[in-house]
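Got your viewer open and a selection tool ready? Let's walk through this one stop by stop.

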Amino acid sequence: MEKDVKKEPVSLPGAALNPRLVLVGHPNVGKSKIFTMLTGEYVIVSNYPGTTIEVRCGQTAELDCCVLDTPGLAGVVPRSEEERVTLQTLLTQDVGAVLQVGDAQNLPRTLLLTMALIDADVPMVLDLNIADEAEKKGYVIDTARLSKSLGIPVVLTVATQGKGRRELIDALRKPARSPLRISYDPRVEESASEIAALLPRYPVSGRAVALTLLSGDLSLVDDLLGKGTPESRAVRDIVGRTQARVLEPLSRIILEARMALVERLIRECVTHQSGKGFRSSFAHELDRFSTHPLGGALLMLGILYVIYEFVGVFTAGMVVDFVQEVVFGQWLLPPIVESLARFPYPLVRDFLVGPYGQITMGITYSIAIVFPTVTAFYIVFSFLEDTGYLPRLEVMINRLFALIGLNGKAIIPIVLGFGCGTMAAVVTRILETRRERIIATLILALGIPCAPQMGLILGMFARIGFMALLLFVALLALQLMATGWLASKLLPGQTPAFITELPPYRLPELRNVAGKTAYRSYWFVREVIPWFLLGTALLFVADRAGGLDELKRLLNPVVTGFLNLPSLTTEGFILGVLRREYVAAFFFDMYGRGLLDNLQAFVATMVMTLFVPCVSNTFVIIKERGVLVGTGIIVFVFVYAIAAGGVLNAVLRTLHVTF
Amino acid sequence: MDEPCRPCATEELEEILEEIWTTLETRGEAPAAGARVPPEAAPPEQTEKLVAEGLARSRDGEVFLTEEGFQRARNVIRSHRLAERLLHDVLNLHNEEMERSACRYEHMLGTEAADSICILLGHPRTCPHGKPIPPGECCECCETVLRPLVVPLTELEPGETAKVAYIGTRDNARVSYLTSLGIMTGRSIQLVQRRPSYVVKIDESTVAFDDAIAREIFVRPAHRVSRAARGGGWRFRWRNGRQ
């Protein structure tokens, strides 16, 4: 999930390879898996809509073209930023052919999108994926007949098992333009040709773009033609005029014409033998249980508890102890320190193995403390992603989120924030309005600990106690809700209605979970360890130059006075600005060495969780939300974290809370 | 409603009131007793007729609706839009045919007949064009004895299956999205649960949404099952293991 944060959406490398094959389809039908099947390139895939939010480019050995993987398109009319990216791709790239990936069990809507692509008049191939589940459910699809009726190649695949790859490649060698022409209401047709005449040349037919504009809202016109341009005004005018002439919403008129054809095709080409139950009664009951008001809440708590036990107690406790104390403390470090003891230059020696040494601090923290914890977290997380549980959380949380101006969908970026806040800030694109994106970003920046932090917090609370953890979570949630509520009152606008599709529960494939975990852990090693080394180097230099003590003395009134924490924690906060994991590892180590008591650990953890997001997260927030809003969020978070920590400390001490 | 009702010009006064009402709506003003009649809605010779009938009164060169005029306009609009709903949803007439008939019905339907249609249709809130239907007395006591033919999804019991009658929104993006999820006229839909969010099954998809969306999906329940016969929802089924 940490892939390619910096890549611009539609400007792509490999421009020499023309033309492009664009993968298009509904969310969660397996486009990314097909992409991997075709190109052999690894992309993160999961069982929930919206895993892919940016365009990816890859190459196939068998086909002389560049394959583009796009975010899922729910309707023909895009609703959120990432859906617009898909539309933009079709309009701006040199589209050689389109491969529509669809769900074989959900043929009506798959074909409905096919109709829109047929209007676009591009060479295409239809791939019906997840054919195994469709078969188990008793659907028999006559692909030969469907292909003949549509006039385009149609293939069945099971991308998760690599089935149907050869057939798909063969079909992709001869994509075809469908000879079908759907006829719409004459008034719609007339307006569509009027609009098409005003449009610039696109790789897809002007008629299709015109129909999309007619069935979309007016803001789409501005998006494509520029706000206030003569063309934009003219098109808006035509859309408004056409809508006034017909009774029903234009989108419905257009969709009904397409649907009529789809229904005929389905009657001809699909037979359904019911009775072959596919979903086990267990999956069925689990489905009901996990969205039930009480059952769902219990399940949520249960999952939290499992995470606590596995990541906190087992990994951050036992595994980290072993790696830190035994592997590093007894086996690795002593010989290294000893061999360097005779090294002639003390400065170099201290740089490597001193109190702020690259090996003794940088490497030890990142490899011994953070790496096992974050890997454990990624395992749980990847597993959860593949079951299809995450969208069920949306159902549970929707009403609660309505209080803070978000709808259930926002739980996806928030939950991803427990993996990596940087990625989560990008994923806020799946939200429909700017208002929601700002609120979600604010909550993410303020109080969602990322995977390593989360793991180490769990590790610390494994020693303080489960009740303390519950108090911590409750306090944090309360603050986030209050902040979100306030933000929703301050920002103008309304929360859009909540609607989402729930993918079926699937048993996660070990290979996919392992692959994702490995990919993410690898990313962690590559991206994060250099930051640890840099942070350690900075501390080393500051310490040598005497600046560190100066800074600590300067911050002492706040850290020791206001927050009641040892002066050493200042170093942790400085490191925290570089990487959020680092401060977590630092406090975890301090707590382990008995430099923090339980109460101090509680306060320090709260401040650290609320404290500013790390450097890369800050950059992404500013990039996604703009300089003004982005900076505003960061400044607010900084001030708030310190203030909240001070208040928490005072309250806990006044009430004589001991853990 | 969008095209003036020429064939029934005999009911001139009601037509004028109807025009005033829709003009006010289009301008975003709530029609009310005492509302100023926009000059573009009715030329002076028409407003004079209204004034003569006591449906409007003029002051300082401007014309205002009287209470009686407002009530009369409201009834005409209500009858017209309810008639449209009836023709569209139940009789499956579309466009011009529906429009022509609705124009005649609006002058024939009395308040009681309109209320009956309203009950039959399940107190619809908008006409097929998405414009609001002024509520009648029957809508206030919504505890319907007779189960209406077409109800919003919110009225369905968990476990019940129904056919989608229509989607009551003019939001194009939403219509497109719902359609792509398979929620479209004529499709069979099963309500799984109402809380904490609505969950429905259509074909092989499961879709979740909130009340705002559920209120916009109007369905024809397949057959009536009493609550007792079904065992009152999820908990009962859970205890029995299977449904």
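The tour goes from a sheet to a hairpin and then to the nonpolar cores.

Before you click, note that this is a predicted model, where local features need pLDDT of at least 70, side-chain atom pairs count only at pLDDT 80 or more, and totals for chains, interfaces and linings use all residues. Residues are numbered from 1 along each chain as its sequence is written, while chains are lettered from A and ligands numbered from 1 in the order in which they are written.

**Stop 1: a sheet in chain A.** Show the cartoon and pick out the open sheet of six strands in chain A, ordered 2-3-1-4-5-7 with mixed pairing. Strands here are DSSP runs of E, at least two residues, and helices are runs of H or I, at least four residues, both numbered from the N terminus. Two strands pair if DSSP finds at least two bridges between them. At the edges sit strand 2 (56-59) and strand 7 (154-156) of chain A, each pairing on one side only. From one strand to the next, the twist averages 25°, with axes being lines fitted to C-alpha atoms and angles running from 0 to 180 degrees between N-to-C directions. Zoom in on strand 2 of chain A: four bridges tie it to strand 3 (residues 66-69) of chain A, antiparallel. Across that pair, A:Arg56 stands opposite A:Asp69.

**Stop 2: a hairpin in chain B.** Strand 6 (residues 198-202) of chain B pairs antiparallel with strand 7 of chain B over five bridges. The two form a hairpin with two residues between them, and B:Asp203 in the turn has a positive phi of about 50°.

**Stop 3: the cores.** A nonpolar core is a set of buried Ala, Val, Leu, Ile, Met, Phe, Trp, Tyr and Cys residues joined through C-beta atoms within 7 Å. The largest has 227 residues, and A:Phe587 and B:Val219 touch the most other members. Its largest share, twelve residues, comes from helix 15 (residues 358-387) of chain A. Centre on A:Phe587: leaving out residues up to four places away in sequence, A:Phe587 touches A:Gly572, A:Leu596, A:Ala604, A:Thr605 and A:Met608, where contact is C-beta atoms, placed from the backbone, within 7 Å. Finish at a second, separate core of 17 residues, with B:Trp21, B:Val37, B:Leu50 and B:Leu65 among them.

How values were computed
A residue is buried if 20 or more other C-beta atoms lie within 10 Å of its own, exposed if 12 or fewer, and partly exposed in between; C-beta atoms are placed from the backbone. Two residues are in contact if their C-beta atoms, placed from the backbone, lie within 7 Å.
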